[in-house]
Amino acid sequence: MMKRIRYPLFLGVALLVFAGSALAAGSPILIGTSVSLSGNYAASAKYGLEGYQLFVDQINQRGGLMGRPVRLIYYDDRSDANTGVQLYEKLITADKVDLIVGPYSSGVTSAVSTVAEKHKMTMIGPEAADAKIYMRGYKYNFQGQTQAGRYMIGALSLAKANGYKTMAMLAEDTAFPKAVSSEVAKVAKEYGLTIVFNQTYPKGASDFSALLTKVKQLNPDVVLANSYLPDGQGIIRQCREQGVDAKLYAVAVGAAEPEFGNLGATANYVFGATQWAANMKTKGNAAFVKAYKEKFGRNPDYHSAANFASLQVLEAAVTETGSIDQDKIAAAISKLDMDTVYGHFKVDARGVQVGYASSLLQWQGGRQLVVWPDAVREGKPILPTPPWSERK
Amino acid sequence: MDFNIFLQLVINGLLVGGVYGLMSLGINLVWGVMGVINLAHGDLIMAAGFLVFSLFSRWHMNPMLLLPVGMAMTFLVGMLSQRFLLGRLPQDRGAIKTSLLMTFGISYVVINTAQLLWGNEFQTVTFFSGSWSLGELEFAKARTVAFLAASAITAALWLFLHGTRYGRAIRAVSQNRDGAAVCGVDQGRVQVASFGLGAGLAGAAGVLLVMIFAISPAMGSGYTIRSFAVTVIGGLGSFPGALLGAMILGLAEVFTGYMVSAQIANGVAFILFLVVLLLFPQGLSGVFRR
Amino acid sequence: MKIWSPVSLAAGLLLVIALPFFASDYLVGFFFSTFIFVTLAYGWNLISGYTGYLSFGQISFFGLGAYTLSIAVFRFHWPWPFGVLAGGALAAVLAAPLGWLMLRLRGPYFALGMLGFVQVLSMIASAWSSVTGGGEGLYLPPTASLRPLYYTAAATVFIGMGITWAIERSAFGLRLQGIREDELAAEAMGVDTTRAKMAAFVVSAVFPAVAGGLYAWRLSYIDPASAFPGNYEIQSILMTIFGGAGTILGPLLGGVALSVAGEVIWARFAELHLLLVGSLIILVLLFMPEGMIPLIRRTLARRRSRVPRSPARKEAR
């Protein structure tokens, strides 16, 4: 039975935050955000929320932001862009939050960024990998996540190193997965890969057998699924059921979630993009992982770290300007060049993230191991993937 | 198209069709017997799936052994809904409207309860992995088991409806309510049993579905609409029609997904639904009846 | 006996006009959303409340209006009011042949048919990405101020009320109600039910389309999920039933009452939101299926006539 700790957890966090804010004097600084507590992105988004919550706890223990306690206000956007927009309007105009941070997924962030821009509220988007969002000339929005284009570089490098030639790509028909697909398509040739299949599926689709029957015919060396958790799981599982035997499987986001392991032995050998790993030597990372584990009883994933880091950046900007003036904070963030638990934060003139990098993990024996790049890896990548008939 | 590919697509379509058939039978029973459109159908499917998922997480037993548990739960929910809620509505001209809306209210309650009990995320039961191979053809294990189970349940249902007194009473009411009453059939009891049975079938479908796909509490309404599409395609009130409609839909989805795109495949259920609705109001089985 | 009079109507009008000057942005936005729902409710009221054809497909026109506005603004750079009007016009044009096809179906088949139609439109929106942006959607330039939207939405509500009022008092309205009560008998009496139904269907399609256009402009973003929100359909139906289907004030009263209740529930009990709404639906259907307006009318009538309750009175219910 999955740990039903959300209720007591929410209460516990709320109590902690109130206790923490009781320690620090002054009226609280409100940080508003929406979280995908339900819907397609729930599995990933909850890690992100915990990242925010851990940071708020810690900052209150340190005396708050500019001496004032911090409180996180969040609502469920149901993995839906429309709901997210309404919630941010509510946060800004009704709840009158002082600061905002981004929601989960490029799709929701994209819609919400317009709200932030309209109300001239600075927003770091830690869960928006689609760089196009930040190329619209907006002044108050900054990318707090590695660009989509860098997600699959590891998988492509390994493919090239092993001499693989053909690749099939599937993507959910929303902003981020399509961004990854188009970026990969641009550079595939440099890695010696020919894309033989490149199709999207609607959000919420669960039966991929027809698409995979097509893929099977093409017999590609590499199968790339630009997918979140439920679809990523479904694709890999159905690859096995339909007898698709690729030498390398990679899933953009889904494989980084611990829940991907619910597939059992089927999950092994699958690669996943991750921008961060628990043992990475980024600044303050070890302490972050330890504190997270103590508070939530499980390891953080890269969403937790990205969200935590975005609040680190926000704190730095606010502290530097000494105020909650959105214009000043925006100016500060655009010039920032700082180390966070997630890596090196730096945005270009448009707001696109150019500091964060990407790495690759692989499921081996029921565990996730970072296998690329060499500088941060914990284990060696196992390739090629044995055919399904020879596996457990 | 390569013949092997064609066969593979047919197999995939039929296997999925088996579960669709089960979903449709539940709707058929309730709609045919009582004229009630149960909008909570998909959410019952989902709830049974989640119940089995949570039991499976704890005990790791064969989900097929948990099938009766899922069915029993939804059967109970269905019976109670009919007895205490739907049965209380006035049976006048507007009854269809009000009962439909009430099932909608019930669906909301079911969804929220499932969310509170089991969370909001997508879950699946991975017990049957991979497939059985027959030459070049792959029979996905989970789907094949589900198809066999669905067939067994369908056969059992048919025997129940045609072989037992109770089953015949249900059929009598669906054919002619007043005539059945004259023959001494207790309306209220039959309605409670029918709604319960319809819900129980939904539960069975849910248990089978969670073995194949990932489900989440929000997905219920999608299954409801799909179940209705199958029922209409096959023809309301027709047992073989429901199965026929299910198979046709399963095949249509797979072939469209292969030949056109996944987006269109997602919507082909509704295109067929509208086409059949407008051209063959009796459903495809009605075409054959003539 | 009237619940509303020229005085209360004028007062209401004044309140609506004055609101943005003393209320917060959030409140104005809240009322804007409420007006959108009420507009949807009036559309549904016409085809389902008066004509008796239970439709689950108002959202199809809503989405059509939303996409029309988005495409008009995004691809053709039209000013938004024209986009909204274009949506309404397009919906009317589409509703005619659609109605001719669909209205032949009876009862539950019509309801399900419209439901299926929504899914088909949603699928088209998903697949026709060159025009609609597909799953990614379209981003519109952000709206500078909420007020023009608010006033337009309020105006739409008033127009909706007005049209409903005009229809109820007209022979056309009588024909529709005749169809609702007994279509066969109406036909036997010489009513051209097909024309009447189709006219009602077309008019009832324009409301959601206009609402959809305004909604899309407010959101500054559209994708298939936003354009065809399933919960909007059921909420507007619930509002009409709660307020009183087949009445003039029903959608307005039900809309405002349930919007406020929804906000309170959402703010305090977000986790139990669906549970509470579902229970509300069940309770309303069990204990006040006709809605608030008829209930209020009966209570006022009883009080005015001061006749003691008799068994015969109870039966007239």
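Chain A is divided into domain 1 (6–146 + 279–345) and domain 2 (149–274 + 359–390), with bounds that come from an automatic or database domain assignment. This is a predicted model, in which local features need pLDDT of at least 70 and side-chain atom pairs count only at pLDDT 80 or more, while totals for chains, interfaces and linings use all residues. Residues are numbered from 1 along each chain as its sequence is written, and chains are lettered from A and ligands numbered from 1 in the order in which they are written.

**Domains of chain A**

- The C-alpha centres of domain 1 and domain 2 of chain A are 29 Å apart.
- Domain 1 of chain A puts 17 residues into the contact and domain 2 of chain A puts in 20 (contact: C-beta atoms, placed from the backbone, within 7 Å).
- On the side of domain 1 of chain A that touches domain 2 of chain A, helix 2 (42–61) and helix 4 (106–118) of chain A are the elements giving two or more residues (helices are DSSP runs of H or I, at least four residues, numbered from the N terminus).
- Helix 4 of chain A gives the most to that side, with three residues.
- That side of domain 1 of chain A has six nonpolar, eight polar and three charged residues (Ala, Val, Leu, Ile, Met, Phe, Trp, Tyr, Cys and Pro count as nonpolar, Asp, Glu, Lys and Arg as charged, and the others, Gly among them, as polar).

**Helices 5 and 6 of chain B**

- The axes of helix 5 (residues 141–163) and helix 6 (residues 165–175) of chain B come within 5 Å and cross at roughly 80° (axes are lines fitted to C-alpha atoms, for helices over the stretch in contact, and angles run from 0 to 180 degrees between N-to-C directions).
- Helix 5 of chain B is therefore roughly perpendicular to helix 6 of chain B (65 to 115 degrees).
- B:Phe160, B:Leu161, B:His162 and B:Gly163 of helix 5 meet B:Gly167, B:Ile170 and B:Arg171 of helix 6.
- The residues of this contact are three nonpolar, three polar and one charged.

Definitions and conventions: Angles under 35 degrees count as roughly parallel, over 145 as roughly antiparallel, 65 to 115 as roughly perpendicular and the rest as oblique. Two residues are in contact if their C-beta atoms, placed from the backbone, lie within 7 Å.
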